[in-house]
Amino acid sequence: DHVSLGNEEWNPWEADEKNEQIASQQRYENNLKMIKNTRSHLELTNLRVQIWGKAAIGLYLWQHIFGGHLEPADVTAQWREGSQKAGKTYFSFITGPSVVPGYFSVETENVVLVLNGREKAKISYATQWLHYAQTLIETHKIQRVAVVLLGNEQCNNEWIQPYLKRHGGFVKLLFVTYDYALVNEEDIFQWPLGVATYRNFPVVEPSWSMLHDPRSYLCNFLGTVYKNSSRETLMEILKQDGLDKLCWIAAREQWQPQETNESFKNYQDALLQSDLTLCPVGINTECYRIYEACSYGSLPVIEDVMTHGDCGNSSMYHSAPLQLLKNMGAPFIFVKNWKELPAVLEKEKKMSLQEKIQRRKKLIEWYQNFKAWMRQKFINTLENSFLPSEKG
């Protein structure tokens, strides 16, 4: 069957085998290339972001919106940290008095700085952190920076503008609280104020009784009544027709930054025991009370008036005040004047427990969806801005 050619045997399938060998080698090399590409693509799409929480709103971002944990759990600890994978990104979070520029390890090229820009003293502290971040960029220790800013209550945030990339600075993205008129959904985004984490307001898990039990009060307001403010008007209206007897009212004349254990417990009980939480304007229309009421299924009744100062409609939205909440379909009661309150409470008296249960469920579900949406938006915005573009 074989024709001998010298010492070699003739193989009629030799050409096919050679071709198959070449094809097999080609497939192997292609697979190798594909694995390498996948690996480098994974490296591209796996973003690492370190969040430096130097303002209390960082805790709202991490614990309430991201559902992240911190170790140690002790809120007075000098140094607390946590991490989690979300989307294509690995996030780590550090906070506490010991997190000082130059005295902790910078573990990634991408940083989110959480800063307080409320008043002059806070701004000067915030700028120290920005200068530290700028030095790290100039020395190629980090590459990209975003800022989450607790803005000024009257939206006077001009000081941050020179640091933004669009003005020749290095901050690629700014997430800022309140109805800042420069929100453009490109590099400046509105961010929720959230709950008062500086008073250790907890992450509240809805319970069966929170949703289903009858509540003892129609409404609540525990807070400071400023002279010549709409809060004084609110108090007068509540006293008419004995409406204050149907509500949990505890007014004080001076603002207290720190609650006592007892006053904080009272406040939480008031939210849990009231169907409505009255949210009169303080300095800004947006207040912690709105989000805290949502946490306990107590519907916010909000004084829907524009804050004095530089707050207003952005180029994207024309629904200020509270444009972020309104655009997200917040199921609140908005009043232009507290004179509308008696009619609101009259309607409240006629509601059945079943109707109130449905409303609580709707409110709590909306708030959970709102936090999930903010989380997703934050992640997507960072990934779109920080990950190398796949175009070209």
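View 1. Cys219 is buried, at a relative accessible area of 0% (buried means under 20% relative accessible area, exposed over 50%, partly exposed in between, with a 1.4 Å probe and protein chains only). A disulfide joins the two, S to S 2.0 Å (a disulfide is a pair of cysteine sulfur atoms within 2.5 Å). The torsion about the S-S bond of Cys219 and Cys247 is about 105°, so this one is right-handed. The pair links distant parts of the chain, 28 residues apart: Cys219 belongs to strand S10 (residues 217-224) and Cys247 to strand S11 (residues 247-252). Helices (H or I, at least four residues) and strands (E, at least two) are DSSP runs, numbered from the N terminus.

A word on the model: it is predicted, so local features need pLDDT of at least 70 and side-chain atom pairs count only at pLDDT 80 or more, while totals for chains, interfaces and linings use all residues. Residues are numbered from 1 along each chain as its sequence is written, and side-chain values use heavy atoms, leaving out hydrogens and water.

**View 2. Cys155 and Cys311 make another disulfide.** Here the S to S distance is 2.0 Å, and with 95° about the S-S bond the link of Cys155 and Cys311 is right-handed. Cys155 lies in the loop between S7 and S8, and Cys311 in the loop between strand S13 (299-303) and helix H8 (323-327), so the pair ties together parts that are 156 residues apart in sequence. Both Cys155 and Cys311 are buried. A search of the whole structure turns up two disulfides.

View 3. Counting bonded cysteines along the chain, the disulfides follow the pattern 1-4, 2-3. Cys279 is in no disulfide, and its nearest cysteine sulfur, that of Cys287, is 4.8 Å away. Cys279 counts as buried at 1% relative accessibility, and Cys287 is buried at 15%.

**View 4. Seven strands line up in an open sheet.** The order is S4-S5-S3-S6-S7-S8-S9, with mixed pairing (two strands pair if DSSP finds at least two bridges between them). Strand S4 (80-86) and strand S9 (188-191) stand at the edges, each with a single partner strand, so one side of each has no neighbour in the sheet. Strand S7 (residues 144-150) and strand S8 (residues 171-177) pair in the parallel sense over five bridges, and Val148 stands opposite Phe175 in S8.
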